[in-house]
Amino acid sequence: MTSNQQNWPTLLCNNARSGGQVPQPWRAPRRVRWQIRLEGAVRGSPILDGELLYVPSLAGFLNAINIRTGRLQWKFKATAAIHSTPSLSLGQVLFGCDDGKVIAIDAASGTKCWEMASEDEVWTSPVIQDRTAFFGSADGNLYAVGTEAGAQQWKQMLGGRIYSTGHVVKGRIFVGCGDGNIYGMDAATGQVLWKTETGNGIDCSPALANDTVFIGSQDFVFYALDAGCGTVRWRYEAELGITSAPAISGELIVFGCKAGTLHALHIRTGKAIWKSRIGQTIMAPPVISGSVVWIQAGDTFAVNLFDGRVLWKANLGNSVQSAPVVTEDVVYLASMEGEIYALE
Amino acid sequence: MDRRAFVKRSCLGGLALSLDHWGTSPAFDQDLIPPVPPIHVSEPVGTQVSPLRMPGLYPGRVVEISDARSIAANRVSQAVVREMLEQGMRELTEEKVLHRAWSKFIQPQDVVGIKINPSGAPACCSSPEIVREIITGVQSAGVPARNILVYDRYAYEMDIGSYQALVPKGVRVTGIQEGKLDTSGYDPNIFCEANFFGEWETRSYMANIVVSGVTKIINVPTMKDHSAAGVTGCLKNLGYGTFNNVDRSHRRPFSFTDPLIGIMCSVEPLRSKAVLHIMDGTRMVWHGGPLTQNQNFIFPAGLIMVGTDPVAIDTIELEKIEAKRSKEGAPSVWARDPQSLTSDSAAFYQDAAKNFFYRQPHHIAAAGKLGLGVSERKLIEHKLVHIS
């Protein structure tokens, strides 16, 4: 069966973190097209380009799986575990490693193009825009490097460790930090334009819409901030800390909290539209596709976008961090122990 | 080739350690609980025994600092636990100058492991706020951030606690193993061996981090009921968080956590390196431990206990959990009622009268008999400090 695939080159499909937003009627997966066991556990999310699905593993491999056959096309061995979700740019796959390196691999052949080193682990996903890759490191720096050779353009030291993947738009980058601050920065220079304090550290990745930055904190609060100055527009209190990056669809913003609850809020007011207790804990970002929210929260769930009702669930390997790739006819997802599934 | 020498010792007292309690247990009389098999230990010969080794500098002393403001709306207050921990360290050591209190246990050249308990994350795990204050204390003794390691057995449980993002820059955060079957982080020469239930792997190996990765350990357990061990506190967090393959010690409804927990804590170099215990009692799980996420069984106790004697701290912890269970109308953790047993997880996590095992809280006293500390209540110096 020919896959009607779309590309999914970075975390949650694109830099807008739209999750693809494929307009399609809901139907539950009917069968497993293929599955493959990788070497090592998986925490990051797969990405897709053409016929290759790229999956990082804690055994230190970046794996390229042919989606037609379900077989490994190549794998690249890095020098440390890979928690980072890769990103694609101009024929290269970029990802961070636990030894602080960011590595660029030729997407077709799996050979290394370049690498650069930060001082501590890089779990964030490189965000690529205009031939520049932006990523945060546990060393506390946010880096901007050229995607052609990895040359550093700037780095900016923030107040804590960085496990939040930045959001880049209109010359600005927004990122959360372990010091509890949300930062708005100039993407060309790294200059901090504003910062807004929350009540605890942040490992959630922001989303942006209507000139508003949306992000959760380990202080249990979900924030909507003015992207221009960082002023809090509204805040919403969840039951526990929030690591899950939000997904946006129309007037709804959806995220999970560690109590296992999925929350859907009105994007302008922060009022709860629905909340749905689905798993033991939620750390992964939801992916919205049509009228369905896909999320891995121990089991894998498909939830109705408009009322939070669980439409379908399957026990597929206990992942609580990885996000699926949702195409028109296949959902690709990774289990915690390294099993990769193509569901159709 | 590994040139270290190792020696095997047999804990033939495995049964004897438990017998005084089991002899009075109805379940034992009714032959409901099988006898403890022999437990053999392989440990390095000639390990330099530290004068700080458990029960440490202050045997029998438990400092309990309580402050109701330490937890509000399920959030731990960094400022309040800072004050609690500082006061606890001063009371324990009788040092007025804080960095001198920390320097009784930690020297600048040490590599310090902070052994947390993330197994109940996110609902109840070692609070990052307390871990951050411990890091500050260790740094005040002259240890650089790069020589401080926050660790536990399962990396994925640490991920759920978000410790990586929440500790200061430079501090390392490491899980000993990634999955249930990953043994790469363990020393094949240091182990506890016993055949409890006919399992195919009868050994539990000590983590390399403990053997050679750190020179001192600060143990940060939580205050929790445990379905197999009775409670999980200093001893269980240390023993079962250092050795692998420990689930095999309990098979429903039986549990050999008594005496295995204490025996594991007695193995060098673990015993010498664990110099300080700081129990996070901001939350108390009084039923459903160690993994429950049911907030009905999680109580904001608002306290921290500090000491060098894990047996004494766990004895006080057991007393507190027993008192809370009694107040809530739940059976004692000492109860041996076959009617309370269930194999239904939903029942266990919703009903405080149900349990998977005959709990074994006597593991604390058994550890005391191994010389790890004081379990006789009247010999424990329990210093209580109420801040607010």
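1. Phe220(A) sits in the loop between β19 (212-216) and β20 (221-226) of chain A. Its phi is positive, about 80°, although Phe220(A) is not a glycine. This and everything below refers to a predicted model.

2. Two cis peptide bonds in chain B deserve a look. One runs from Ala121(B) to Pro122(B), with omega near 5°; Pro122(B) belongs to the loop between β6 (112-116) and α5 of chain B. Another joins Gly289(B) and Pro290(B), where omega is about 10°. Pro290(B) falls in the loop between β16 (274-285) and β17 (298-299) of chain B.

3. Next, the contact between the chains. Chain A contributes 34 residues to the contact and chain B contributes 24 residues. Together the two chains bury about 2,100 Å², with 51% of that area on carbon and sulfur atoms. On the chain B side, Arg75(B), Ala165(B) and Lys169(B) account for 29% of the area buried against chain A, more than any other three residues.

4. Polar pairing across this contact can be counted in two ways. There are three salt bridges between chain B and chain A, and 15 residue pairs in polar contact, counting pairs with both residues at pLDDT 80 or more. One salt bridge links the side chains of Arg75(B) and Glu237(A), at 3.0 Å from N to O. Arg75(B) is also one of the three residues named above for their share of the buried area.

5. Which helices of chain B each supply at least two residues of the side that touches chain A? They are α5 (128-140), α6 (155-161) and α7 (163-166). The most comes from α6(B), which gives four residues. Sorted by class, the side of chain B that touches chain A holds 11 nonpolar, seven polar and six charged residues.

6. Chain A has an open sheet of four strands in the order β6-β7-β8-β9, paired antiparallel. Its edge strands are β6 (87-89) and β9 (112-117), each of which pairs on one side only. Neighbouring strands in this sheet are turned against each other by 20° on average, direction ignored. Within the sheet, β7 (residues 92-96) and β8 (residues 101-106) of chain A are joined in the antiparallel sense by five bridges. Gly96(A) has Val102(A), in β8(A), as its bridge partner.

7. Another open sheet of chain A also consists of four strands, here in the order β14-β15-β16-β17, again with antiparallel pairing. Three bridges hold the antiparallel pairing of β14(A) with β15 (residues 172-176) of chain A, and Val168(A) has Ile173(A), in β15(A), as its bridge partner.

8. Over all chains the salt bridges number 34. Among them is the pair Glu148(A) and Arg131(A), whose closest N and O atoms are 3.1 Å apart. In general, side chains of opposite charge can pair when their charged atoms come close.

Notes: Residues numbered from 1 in each chain as written. Chains lettered and ligands numbered in written order. Predicted model: local features only at pLDDT ≥ 70, side-chain atom pairs only at ≥ 80, totals over all residues. Heavy atoms only, no water. Contact = heavy atoms within 4.5 Å. Buried area = accessible area lost by both parts, 1.4 Å probe. Salt bridge = Lys/Arg side-chain N within 4 Å of Asp/Glu carboxyl O. Polar contact = N/O pair within 3.5 Å; in protein donor to acceptor, adjacent residues only side chain to side chain. Nonpolar A, V, L, I, M, F, W, Y, C, P; charged D, E, K, R; others polar. Pairing = 2+ DSSP bridges. Axes fitted to C-alpha atoms, helices over the stretch in contact; angles between N-to-C directions.
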